[in-house]
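Subject: Structure handover

Hello,

Here is the structure I promised to pass on. Please have it open while you read the notes below it.

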Amino acid sequence: MDIFRYTFMQYALINGIFIGILCPLIGVFLVLKNLSLIADGVAHFSFGGIALGIILGFSPNVMILVFSIVGALLVNYIVRRSKLYGDTAIAILLSTGLALGITIISMAKGTNFNINSYLFGSLLAIDKSELVFALSFGIPVIILVLLLYKPLLYITFDEDSARASGLPVEMLNTLLVLIGAITVAITIRIAGILLASALVVIPVATGMQVSKSFKGALLSSIIFGVISVILGLFLSYYLNIAPGGAIVLVNVLIFLMSLSRFFH
Amino acid sequence: MSDKILEVRNLYFRYKDEFVLEDISFSLNREEFFGIIGPNGSGKSTLLKLIVGILKPTDGEIRIYTDKISYIPQRIASLYHLFPATVEEIVGLGRLSDGIIRRFTNKDKELIEQALELVGLKEFKNRKIGELSGGQQQRVHIARAIVSNPDLLILDEPTTGVDVVNQAKFYELLGHLNKDMHITIIIVSHDISGVASEVSMMAYLDKRLHFIGKPKDFFKKILWPIEIEDLLRG
């Protein structure tokens, strides 16, 4: 096929399939713990990091990662220490990151900064170094989730019972938001800041419609995630549209189909 | 091994400026079936959360002479309506008390099967938990507790939303766990008659501990049942 002749598309597909597996794997725990919006908050917060990185000459990838992790830890801290609900803490974080990014960019006029590629994702942005970055942070996340699959399910189902049974609930919660942040950071280059969280949430929402078991929901979410990324990237290439938008629209389409009788 | 499983000494708990629990002291021996009753807002659930370590005391001391504790918090069945997990998956979580990073062995699977059989839900093991009734869901939680092989089982209002027939079966199951499996049980409930007929020791809590002793003494010496029910309704 024509699409595979280009090296950037090969990298984008490998990266996309990897993200298609990674995002629902983490997303299933975040969604069931009512933390769906944390991915959105973290992605938006990292916009401030990207702008700061470009002005200071640091790698945007490193800045996305650092800001995502700091953002996730901040939400975790605010929720546990303040008198606020999680969505309020996330709204504050989200606005702060966007405001910081816009302020820095408007101050640094004349900088050659392709803002659209970060906001909406870009196929051309995925080169070998991006792929290595995604795999080197994503593979440890997958290994961690596979090892801690059952305790993560326990704290997702019933935190109080898990705590009484001696599970290190605080540590597991912190770990979950940290690996969620790393996942979002890896996803941003292909899906963009505005849509990265959709890859974490929508395949899981679809998986929940068609499964009765947790294992089934997890596996079907991953299948839907991978299918939507592959189809989205094909559409992006052939129709010359932003990959983030194409992947998310395919995801939404599959979700709508899952509501129909065909899937049940 | 000491006969005592729990000791609470001069326990105080304050939320904001108000004391929820004041000067609570009691001890509990192994294999007791201990029921705690009291009106809404009397601090019953808070006391359980302090015992299992979810909350920290403002003052006082709690000593538990076992680390094999199972806690079933107060829950409404509708909470699990959307949760995509089977009965077997939920019961299996109880086995994590033996270590959080491990593959389930045949022994684990056998224990899960036995627990499901004991609570009468073996044929429901592949059903989604949200599809079960309130009473059946409580049995799932009991099975999850049993597979962890606890010394101490703590239940907060377990019969909320469960019909009268299933409440009786539920108490019967708890009685079996206590008498035949030698599990110490602490139960908080509004259901005085259900609790009093099963427990070996009961307490009346309303911020302070107003009574602790045998159920027959509670009814004979402290208050007439009708008065207690009026009190609880209030």
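Helix H4(B) is largely enclosed by the rest of the structure, because 12 of its 14 residues are buried. Buried means under 20% relative accessible area, exposed over 50%, and partly exposed in between, with a 1.4 Å probe and protein chains only. The buried residues of H4(B) include Gly135(B), Gln137(B), Gln138(B) and Arg139(B). Arg144(B) and Val147(B) are also among them.

Before the rest, the ground rules. This is a predicted model, where local features need pLDDT of at least 70, side-chain atom pairs count only at pLDDT 80 or more, and totals for chains, interfaces and linings use all residues. Residues are numbered from 1 along each chain as its sequence is written, chains are lettered from A and ligands numbered from 1 in the order written, and side-chain values use heavy atoms, without hydrogens or water. Helices (H or I, at least four residues) and strands (E, at least two) are DSSP runs, numbered from the N terminus.

H4 covers residues 134-147 of chain B. Its expected span (1.5 Å times one less than its number of residues) is 20 Å, and its end C-alpha atoms are 20 Å apart, which agrees.

Asn149(B) follows H4(B). This residue sits in the loop between H4 and strand S6 (152-156) of chain B. Its phi is positive, about 55°, although Asn149(B) is not a glycine. Asn149(B) is partly exposed, at 47% relative accessibility.

Asp23(B) is a non-glycine residue with a positive phi, near 50°. Asp23(B) belongs to strand S2 (residues 18-29) of chain B. Its relative accessible area is 32%, so Asp23(B) counts as partly exposed.

Best wishes
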